[in-house]
Amino acid sequence: MSQLGFEAAGGMVEKFLPGVSFPVLMNAVIPGFVAAAAVLPLTALRSASFLSLETDKTWPQLIVAAVIVVSLGGLISSLNSEFYKVYEGRIFWPRRLYERSVAWQQQRVERLYREVEAQKDVNQQRYDEAWYRLRVYPFNRETGRRYAARPTLLGNILSGYEDYPDHCYGMDSVFYWPRLWLLVDKDSKQEIGKSWAVADGLLSLSTVCLMAGLAWAGAASGAAFDLWSAERLPVAQEFTKTWLAAGVWLLAAYGFYRLSLPFHRQNGEIFKSLFDLYRDKLRKITSLAPHEAELWDAAWAYLQYLKIRCPKCGKGYFSIFSPTCPNPDCKADLSQALQQVRQTGQLVSLANDNAPKKEDVSQGAPAAAPSPGR
């Protein structure tokens, strides 16, 4: 599915509304508006006057509605990662439902493998289509086959591309992704952000519609209870419309979810491409200097407190006061090492033999100074 339509809409938004970027539009503004459209009718289910266009009430109502849209949009945007966890199957899934859904996804994988074997050398188009659907699932290096790792198709799509750096390059994506992302140039980040905003926004819309459907179903259940009440007998037409609205919201939730899947797959290809293209720039972090751990500890202690560790007795002391160890049982002379540090600007001489231990450095540190753990 092409994203050109969404990107064109994003360009129009940024042109006519300079303060609203396309990611903000997709992740906050539109979901907030849809959430308000679901909530406001519920608050006035028996009174349609909330948004009536009365001259003396229109502007206050519009201001209140705008505040509700902005507030709901901000809340939805901040919870986007939690929405993903639910749709992936990581949280709020009962164990039996989770296991049955994973088994169903695995059955789908096996059906696709059978389709691949059946269409091989028979129908190239159907063969390619089966592989296209099969490749969204994560890859097992031991068996050489695709498998279902999550109970939902979205969860398997995400697992499939998140596992790619590991099985191709042995790189843990959780650890290396934030570091790699910092190396991407600004223009590329903006374009990638617009692309990913489409999938994020559609998933947020799916969540909003799902919650709206449940809320309207709850309201319909309350109306059904009122039908049997002697005190309040709502019109049967209102009861029917409430259930119909609940069904429409739930159907929209599923529709937005299905609509987001091709965009998540495209995002996955971008994710994998970034590792293919930028992983060489991460090679710097694989080069460790000799005694690097000791060097960083020595640099931290010296620059933070001007404190070093005596190589003879191991006690930490403030080198700014004296080049001689203050320990009366030691009195070692470190003037040569300190002079070398000041002349060369390198702490290697202190890192090899005089690296301070953090537990020693913390002793005797000024009361106002931060702890060694920052």
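Tutor: Start with one cut-off: buried means under 20% relative accessible area, and exposed means over 50%. The model is a predicted one. In helix α5, the residues that count as buried are S101, V102, Q105, R108, V109, L112, Y113, V116 and Q119.

Student: What do the buried residues of α5 pack against?

Tutor: They pack against α6, β2 (145-146) and α7.

Student: How do you know that the span of α5 is close to the one expected at 1.5 Å a residue?

Tutor: The expected span is 1.5 Å times one less than the number of residues. For the 25 residues of α5 that gives 36 Å, and the helix reaches 36 Å from its first C-alpha to its last.

Student: What follows α5?

Tutor: D121 follows α5, and its phi is positive, near 65 degrees. D121 is a residue other than glycine. Its place is the loop between α5 (95-119) and α6 (124-134).

Student: Why is D121 called exposed?

Tutor: The cut-off for exposed is over 50%. D121 has 77% relative accessibility, so D121 counts as exposed.

Student: Why is Y132 called partly exposed?

Tutor: Y132 is in helix α6. Partly exposed covers the values between the cut-offs for buried and exposed, under 20% and over 50%. At 40% relative accessibility, Y132 therefore counts as partly exposed. In space, the C-alpha atoms of Y132 and L112 are 9.7 Å apart, while in sequence the two residues are 20 apart.

Student: What makes V70 exposed?

Tutor: V70 belongs to helix α3 (residues 58-78). Its relative accessible area is 61%, and the cut-off is over 50%, so V70 is exposed.

Student: Now the buried side. Why is L154 called buried?

Tutor: L154 sits in helix α7 (residues 153-162). Buried requires under 20%, and L154 has 0% relative accessibility, so L154 counts as buried.

Student: Which residues does L154 touch, leaving out those up to four places away in sequence?

Tutor: L154 touches Y87, L203, Y257, L261 and H264. A further distance concerns G89: its C-alpha atom is 9.1 Å from that of L154, although the two residues are 65 apart along the chain.

Student: Is H264 buried or exposed?

Tutor: H264 is in helix α11 (residues 236-278). With the cut-off for buried at under 20%, H264 at 1% relative accessibility counts as buried. Leaving out residues up to four places away in sequence, H264 touches Y84, L154, I157, L158, Y161, A199 and L203.

Student: How is the packing of two helices described?

Tutor: Two packed helices are described by the angle between their axes and the distance between the axes. For helix α4 (residues 80-88) and α7, the angle is about 110 degrees and the axes are 7 Å apart.

Student: Why are α4 and α7 called roughly perpendicular?

Tutor: Angles of 65 to 115 degrees count as roughly perpendicular. The angle here is about 110 degrees, so α4 and α7 are roughly perpendicular to each other.

Student: Which residues of α4 and α7 meet?

Tutor: On the α4 side they are Y84, Y87 and E88, and on the α7 side L154, G155 and L158. By class, this contact has 4 nonpolar, 1 polar and 1 charged residues.

Student: Where is K331, whose phi is near 55 degrees?

Tutor: K331 lies in the loop between β4 (316-318) and α13 (335-344). Its phi is positive, and K331 is a residue other than glycine.

Student: How many helices and strands are there in the protein chain?

Tutor: There are 15 helices and 4 strands. The chain has 374 residues, of which 37% count as buried. It exposes about 22500 Å², with 60% of that supplied by carbon and sulfur atoms.

Methods. Residues numbered from 1 in each chain as written. Predicted model: local features only at pLDDT ≥ 70, side-chain atom pairs only at ≥ 80, totals over all residues. Heavy atoms only, no water. Helix = DSSP H or I, 4+ residues; strand = E, 2+ residues; numbered from the N terminus. Buried < 20%, exposed > 50% of the residue type's maximum accessible area, 1.4 Å probe, protein only. Contact = heavy atoms within 4.5 Å. Areas by Shrake-Rupley, 256 points an atom, 1.4 Å probe, with all protein chains shown as cover. Axes fitted to C-alpha atoms, helices over the stretch in contact; angles between N-to-C directions. Parallel < 35°, antiparallel > 145°, perpendicular 65-115°, else oblique. Nonpolar A, V, L, I, M, F, W, Y, C, P; charged D, E, K, R; others polar.
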